[in-house]
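Colleague: Could you walk me through this one? I would like to learn how to read its features as we go.

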Amino acid sequence: MTDTYLTPPFRITRISHVVMRVRDLDASVRFYTGLAGLVETTREDGAAYLRGIEETSHHSLVLIRDDTPSCDCLGFRVLADSDLDAAEAYFAALGVSTEWTERLGQGRTLSVNHPSGLRLELTASMTRVPRTLTDYATRKGGAVLRLNHAQVIVPDVDGTGSGFEAMGFRAAEVIRQADTGQRIGLFLHRKNDPHDLVLALGAGPRLHHFSYIVGDLQAMFRACDIAGEMGCGSEVERGPGRHGPGNSAFVYFRDPDGHRIEFILPPMQFMDADEPTAVWSTEEKHKIVPWGQPAPQRWREEATSFTGVQVSQEGALARWVAT
Ligand SMILES: [Fe+2]
C-alpha cells in the first residue's frame, strides 16, 4: 500500500470520463449507442455526451467532431470542490501547468498537463440524469453499465506510475519484467476494483483503450453479433477472452476512427485498504493470458494519440501483452 492511498494530496475517487475526437459524429454515435448500448444524454455544438445505462452522471464519454481523431483527456472525479483547489496547489508546487476549463454537464473543472504527456481533467460534480438500468425495453447492443478504466501506453511505466502513486493511486496489480524486476504493467486504482488507470510499457503516451463493464457474457456476444450486422465484424479485434490480472473476461472493438473500446465483466473487488498488490512476472505468460489466441499485431501496435502530444518513440507494447 502506498502511503498516499489513505492520505492523498487531493481526493480522486474514480475515473469518470474520456473525451475523444472523431471524424464523423453521426457514425460514432451510431456505433456507441447501437453496438455498445450507451445512452446519448445530449448533443450540442458538434459534441455528443454519452453514458452507460447504470450511470447517473451527465456523461462518461464525450465525442467531439474533428478532422483528426485523438483523445483530448482522461477525466477523474474528485470527492469535493475543495479537492480541485488542493489539486491546483499540488500541481503548482510541482511546476505542472493546469488551467480552469469548462465542459458541458460538469462543475468546476481543472485541466492538468501531466508531465507524462497524459492530459487529465478533474471535476467534483456533473449534472444528474436518470439511470436507465431498469428501462429494459430501451436497451441496445452490449448495454454497457458504467465506465471502468482507461489503459494508456507510456515509455516509462515506473516513473509515470510513481507520479500517480504520489497522487494517491494504489497498485492493485503489477507485472514485472522477470530478469530486471522493472514494472512494465501497472494497474492503478482509487475505487475498490483493480483499475481506474492502467499503464503499459510502449511507445507513448497513447490511449490504448477505455473500458466499460457489461452485465454478462451474453451482452458481449450480442455486441459482437451487432458488429457483424453493422458491417464492422472485422473490428471485433480481440476476444472474447480472459485476462489473468483482474480475472477480467474481455472483448475489444475498434470504433469508426480506430479508437479502441473494451467490454469486461464486473471485475473482482479490492475492498480493504491493506490488501496486497498482486504481482505477476513476465515468466508467467500462461497465467497472464490463461487461454485463447495471441493478441493480434494491431492490438499491440495501434493506439490513439493525445491531442497535440508528441509520441516519444515507435514500438509495440511490451512483451507481456504479446502472448
Ligand atoms: Fe482494459
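Colleague: How many Å separate the centres of domain 1 and domain 2?

Modeller: Domain bounds come from an automatic or database domain assignment. Here that gives domain 1 (12-133) and domain 2 (142-321), and their centres, taken over C-alpha atoms, are 19 Å apart. Contact means heavy atoms within 4.5 Å; across the two domains, 42 residues of domain 1 are in contact with 42 residues of domain 2.

Colleague: Before we go on, what should I keep in mind about the model?

Modeller: This is a predicted model, with local features needing pLDDT of at least 70 and side-chain atom pairs counting only at pLDDT 80 or more, while totals for chains, interfaces and linings use all residues. Residues are numbered from 1 along each chain as its sequence is written, and side-chain values use heavy atoms, with hydrogens and water left out.

Colleague: What does UniProt list for "domain: VOC"?

Modeller: UniProt positions are in the numbering used here, feature names are shortened, and annotations may be inferred rather than shown by experiment. The unreviewed UniProt entry lists residues 14-125 and 146-266 under that name. Helices (H or I, at least four residues) and strands (E, at least two) are DSSP runs, numbered from the N terminus. On that basis residues 14-125 are 22% helix and 43% strand, with end C-alpha atoms 12 Å apart. For residues 146-266 the figures are 19% helix and 45% strand, and the end C-alpha atoms lie 10 Å apart.

Colleague: Which residues have the most contacts inside the largest nonpolar core?

Modeller: A nonpolar core is a set of buried Ala, Val, Leu, Ile, Met, Phe, Trp, Tyr and Cys residues joined through side-chain atoms within 4.5 Å. Buried means under 20% relative accessible area, exposed over 50%, and partly exposed in between, using a 1.4 Å probe and protein chains only. The largest core has 74 residues, and those with the most contacts inside it are Leu61, Leu63, Leu74, Leu122, Phe210, Phe253 and Phe263. Helix H4 (residues 217-229) gives the most to this core, with six residues. Both domain 1 and domain 2 supply at least three residues each to this core. Leaving out residues up to four places away in sequence, Leu63 touches residues including Met20, Val22, Tyr32 and Leu50. There is also a second, separate core of twelve residues, among them Leu145 and Ile213.

Colleague: And where does Arg146 lie?

Modeller: Arg146 lies in strand S9 (residues 146-154) and counts as partly exposed, at 29% relative accessibility. Beyond its neighbours within four places in sequence, Arg146 is in contact with Glu54, Glu55, Ser211, Tyr212 and Ile213.

Colleague: How many aromatic pairs does a search of the whole structure find?

Modeller: Rings of Phe, Tyr and Trp (its six-membered ring) pair if their centres lie within 6.5 Å; planes under 30 degrees apart count as stacked, over 60 as edge-to-face and the rest as tilted. The search finds eleven pairs. One of them, Phe10 with Phe91, is tilted, at 5.6 Å centre to centre and 55° between the planes. Phe10 lies in the segment before strand S1 (12-22) and Phe91 in helix H2 (residues 81-94), so this pair ties together parts 81 residues apart in sequence. Phe31, Tyr32, Phe210 and Tyr212 form one aromatic cluster.
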